[in-house]
Amino acid sequence: MTEEIFSVVNGEVFGVWFLIGAALVFWMQAGFAMVETGFTRAKNAGNILMKNLMDFCIGTVVFILIGFGLLFGEDLVGLIGKPGFDIFTDYANFDWSNFVFNLVFCATTATIVSGAMAERTKFLSYCIYSAVISAFIYPVEAHWIWGGGWLSQIGFHDFAGSCAIHMVGGISALIGAWLLGPRIGKFVKDAKGRIMKVNAFPGHNLPIGCLGVFILWLGWYGFNGAACTSVEQLGSVFVTTTVAPAIATVVCMIFTWIKYGKPDVSMCLNASLAGLVAITAPCDVTDVTGAIIIGAVAGLLVVFGVWFLDNKLRVDDPVGAVAVHCLNGIWGTIAVGLFATTSAPGNDSIVGLFYGGGFKQLGLQLAGFASVAAWTTVMITITFLVIKATVGLRVSEEEEIVGLDSCEHGLPSAYAGFSIMDISNTMTMDVNENTDLGVSDYDSASSFQKKAAVNVVKAPEMPATGIYKVVIIAKLSRYDHLKKAMNDLGVTGMTVTQVMGCGVQKGAGEMYRGVEVDATLLPKVKVEVVVSKIPVDSVIAAAKKALYTGHIGDGKIFVYNVDKVVKVRTGEEDFEALQDVE
């Protein structure tokens with residue numbers, strides 16, 4: 001009788017822990033949002049937050065309608081679950097806990113992709129492929145592993161999702177980032193199109209990124225531990241889930257310190273996540289020795305992965321999602337076949353190669369990795385290509401340079417009240433060739449089109465001599481063209497500042513929480529030059545040609561006669577002011 005009571009109590013306790021674990025995994029969405037936002041640029045912060053919010057919400061909708069059935073429905077020949085609508089037709093007997101638990105895992109798979117494709121993906125396209133991952137791609141392969149499908153039947157082991165979640169999300173991220181292409185300015189090319197240099201785009205807020213890592217680490221105790229069925233097993237999982245990321249981070253710190261001369265902050269944050277990803281599959285079947293080795297390899301693998309993507313594959317991954325989730329998801333899957341031991345509580349059958357188990361389990365792990373990777377590669381590639389051919393995957397160059405917050409969401413800034421300056425390489429970007437005026441070639445444009453694109457404000461009749469200050473306001477994308485034009489004229493003295501501003505439209509129609517925003521300030525570059533021997537009309541003509549793209553608002557030019565300095569008396573104060581020459 002006593003044993004029966006303890007059994008009932010134990011079952012109730014672990015049933016509650018199961019739901020608490022699900023809540024911790026849901027909280028990881030906040031961690032992903034913080035990491036991705038902190039590791040990217042301020043002008044896209046709102047867009048990234050919106051994507052992390054919507055992948056869970058959209059994922060919930062499609063998981064209710066189809067995903068849960070494909071995952072846990074009646075097994076059909078080991079490949080797929082039979083879709084059903086028990087949540088609607090038999091709610092009283094529905095498996096509520098299992099639904100919520102698997103829903104939050106499903107959302108994690110989808111959110112991994114957003115980081116690698118950040119800063120240049122259309123919001124609509126993101127919503128579509130996030131829905132496809134949650135509705136179909138993830139549920140099918142997860143059924144193979146956890147829903148009674150063929151991989152579970154042959155003995156493949158992935159306790160919490162190194163393969164089913166992280167590798168799948170990482171592969172999707174890699175293919176998506178490759179199809180999208182790099183962010184503007186990420187790679188510097190020579191005249192023949194060969195990549196000569198990789199530019200760094202520093203994350204705008206490492207404190208937020210660090211907070212995200214700690215949130216994810218906390219959530220991972222639920223991610224890895226929620227399915228445990230005994231206190232001993234739960235304790236062991238907590239140990240391995242703590243040791244692996246800690247070792248990974250220390251190894252990464254030492255390696256980057258030696259390689260780069262300084263310990264790399266953002267890389268170490270990635271290493272913590274890499275260690276967590278790698279231990280996710282074997283967390284219940286390995287001991288602390290295995291966790292240490294798994295973590296050490298993960299700490300090196302994440303550094304190699306970031307380097308390999310940048311310098312060999314030429315794939316732009318802003319947050320390191322591929323290195324963290326894809327490479328270490330594969331490593332964690334394989335690690336089960338190497339480090340599984342029966343000394344781990346609750347494991348009495350799975351033994352890895354290094355613990356005397358031979359190659360059997362390793363072969364099963366490799367088979368599972370290969371099959372899930374093949375499924376994911378084929379399905380996500382088809383998804384991305386269909387999206388690319390229909391609604392398009394990538395925003396325009398203009399939208400990317402201005403920022404997705406403004407262009408996709410009408411959000412002036414995610415940091416209202418703060419002064420934001422873009423310190424990345426967007427000042428060397430190529431021009432957007434999409435035009436409003438119909439003619440993109442300056443020499444072919446009419447005088448009206450030239451004036452509409454680049455307006456000269458208060459240009460004086462030029463005397464033979466004089467010193468003039470020319471102030472040019474332009475788009476960031478035209479700075480390189482303008483600088484070259486000035487150099488060709490012989491103007492070498494320039495003062496350049498980044499500013500925020502808007503035209504007469506004032507960002508009309510922008511709304512925030514139902515209230516119209518007075519003005520949407522866009523990033524611009526202000527170039528100031530002072531000339532005397534060089535004719536000022538030559539400077540104006542060269543600047544107009546350099547700035548012109550055939551788009552209204554390409555730039556504005558102000559000219560001041562510096563010779564005309566007047567004294568202005570106001571009360572007790574005297575000051576000098578530049579007098580515009582009409």
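**Figure 1. Helix α10 within the predicted model.** Because 14 of the 16 residues of α10 are buried, this helix is largely enclosed by the rest of the structure. The structure shown here and in the following views is a predicted model. From its first C-alpha to its last, α10 reaches 23 Å, which is close to the 22 Å expected at 1.5 Å a residue. Helix α10 spans residues 265-280 and is one of the elements that give two or more residues to the lining of the largest cavity.

Figure 2. Helix α9 covers residues 231-260, and alanine 244 is found in it. Alanine 244 has a relative accessible area of 0%; this value is under 20%, so the residue counts as buried. Leaving aside residues up to four places away in sequence, alanine 244 touches Gly275, Ile279, Ala291 and Gly295. Isoleucine 293 stands 49 residues from alanine 244 in sequence, yet the two are 7.8 Å apart in space, C-alpha to C-alpha.

Figure 3. Rolling a probe the size of a water molecule over the atoms shows where empty space is left. A search of the whole structure finds one cavity of 30 Å³ or more. The volume of the largest cavity is about 100 Å³. Its lining consists of 13 residues, and Phe32, Val35, Val319, Ala321 and His325 lie nearest the centre. Two or more lining residues come from each of α1 (2-38), α4 (96-116), α10 (265-280) and α12 (321-339). By type, the residues of the lining divide into eight nonpolar, four polar and one charged.

**Figure 4. Helix α12 and its kink.** In α12 there is a kink of about 30°, centred on asparagine 328. The helix has 19 residues and reaches 25 Å from its first C-alpha to its last, close to the 27 Å expected at 1.5 Å a residue. Helix α12 is mostly covered, with 18 of its 19 residues buried. Like α10, α12 gives two or more residues to the lining of the largest cavity.

**Figure 5. The protein chain as the setting of the close-up views.** The secondary structure of the protein chain comes to 18 helices and 13 strands. Of its 582 residues, 52% count as buried. Among contacts between residues at least 6 apart in sequence, 77% join residues at least 24 apart.

Notes:
Residues are numbered from 1 along each chain as its sequence is written. This is a predicted model: local features need pLDDT of at least 70, side-chain atom pairs count only at pLDDT 80 or more; totals for chains, interfaces and linings use all residues. Side-chain values use heavy atoms; hydrogens and water are left out. On a 1 Å grid over the protein atoms alone, a cavity is a set of points where a 1.4 Å probe fits but cannot get out, and a pocket is an open set with protein on both sides within 12 Å along at least five of seven lines; lining residues have an atom within 4 Å of a point. Grid points are joined across faces, edges and corners, and a volume is the space filled by probe spheres set on the points. Helices (H or I, at least four residues) and strands (E, at least two) are DSSP runs, numbered from the N terminus. Ala, Val, Leu, Ile, Met, Phe, Trp, Tyr, Cys and Pro count as nonpolar, Asp, Glu, Lys and Arg as charged, and the others, Gly among them, as polar. The expected span of a helix is 1.5 Å times one less than its number of residues. The bend at a residue is the angle between axes fitted to the seven residues ending there and the seven starting there. Buried means under 20% relative accessible area, exposed over 50%, partly exposed in between (1.4 Å probe, protein chains only). Contact means heavy atoms within 4.5 Å.
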